[in-house]
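Subject: Structure for you to look at

Hello,

Here is the structure I said I would pass on. Please open it next to this message and follow along; my notes come after it.

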Amino acid sequence: MSLQKFASNVVEKCLTFGSLEERQILVNEMLGSTDENEPLQAMMKDQFANYVVQKVLETCDDQQRELILSRIKVHLNALKKYTYGKHIVARVEKLVAAGERRIGFPSQHASSMA
């Protein structure tokens with residue numbers, strides 16, 4: 001569904017306003033039933049579905065985000081070659097940088113107090 005313009009808008013709204021269980025169902029669909037993650041790969045390169053992937057990264061819980069990021073990171077170099085894949089690369093890099101700041105902050109704070 002997310003490969004079509006208006007359907008992708010619907011999926012994004014489901015991610016924004018859906019329950020944890022509903023979001024989990026959508027994430028499971030994206031990841032597919034094997035480690036190949038074919039639905040996710042196709043979505044990251046698609047002009048409409050890439051927005052759904054970005055919305056998932058925004059709305060999912062930390063555990064889901066780590067799983068999705070681990071699946072995406074494998075394809076980062078290939079994604080840089082695709083117009084719409086570049087959006088995913090930028091979002092992932094932003095999330096990784098934010099995560100490093102969040103993780104790095106307590107240790108810096110603790111060392112400055114010592």
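I88 lies in helix 7; helices here are DSSP runs of H or I with at least four residues, strands are runs of E with at least two, and both are numbered from the N terminus. I88 is buried, with a relative accessible area of 0%. Buried means under 20% relative accessible area, exposed means over 50%, and partly exposed is in between, using a 1.4 Å probe and protein chains only. Leaving aside residues up to four places away in sequence, I88 touches M44, N50, V53, Q54, I72 and L79, where a contact means heavy atoms within 4.5 Å. I88 and M43 are 45 residues apart along the chain, and their C-alpha atoms are separated by 10.0 Å.

Before you go on, note that this is a predicted model: local features need pLDDT of at least 70, side-chain atom pairs count only at pLDDT 80 or more, and totals for chains, interfaces and linings use all residues. Residues are numbered from 1 along each chain as its sequence is written, and side-chain values use heavy atoms, with hydrogens and water left out.

R91 also lies in helix 7. R91 is partly exposed, at 22% relative accessible area. Its contacts, not counting residues up to four places away in sequence, are Q54, L57 and E58. R91 and V53 are 38 residues apart along the chain, with 9.6 Å between their C-alpha atoms.

Now the chain as a whole. It has seven helices and zero strands, so the order of elements from the N terminus reads α-α-α-α-α-α-α. Of its 114 residues, 36% count as buried. Among contacts in the chain with a separation of 6 or more, 58% join residues 24 or more positions apart.

Helix 4 covers residues 49–59, and nine of its eleven residues are buried. These are A49, N50, V52, V53, Q54, K55, V56, L57 and T59.

In helix 3 (residues 38–45), the buried residues are L40, M43 and M44. Seen down the helix axis, they fall within an arc of 100°, so they line one face of helix 3; the arc is that of the directions from the helix axis to the C-beta atoms. An α-helix has 3.6 residues a turn, so residues three or four places apart point the same way.

Which residues have the most contacts inside the largest nonpolar core? They are V53, V56, I68 and I72, and this core has 22 residues. A nonpolar core is a set of buried Ala, Val, Leu, Ile, Met, Phe, Trp, Tyr and Cys residues joined through side-chain atoms within 4.5 Å. Helix 1 (5–17), helix 2 (20–31), helix 3, helix 4, helix 5 (62–73), helix 6 (76–79) and helix 7 (85–113) each supply at least two residues of the core. Helix 4 gives the most, with five residues. As for I68, it touches V27, L31, V56, L57 and C60, again not counting residues up to four places away in sequence.

F17 lies in helix 1. Is F17 buried or exposed? F17 is exposed, with a relative accessible area of 66%. F17 and T59 are 42 residues apart in sequence and 9.3 Å apart in space, C-alpha to C-alpha.

Zero disulfides were found, a disulfide being a pair of cysteine sulfur atoms within 2.5 Å. Of the cysteines, C14 is partly exposed at 37% relative accessible area, whereas C60 counts as buried at 6%. K5 lies over the face of F6, at 5.5 Å from the ring centre; this requires NZ of Lys or CZ of Arg to be within 6 Å of the ring centre and within 35 degrees of the ring normal.

Regards
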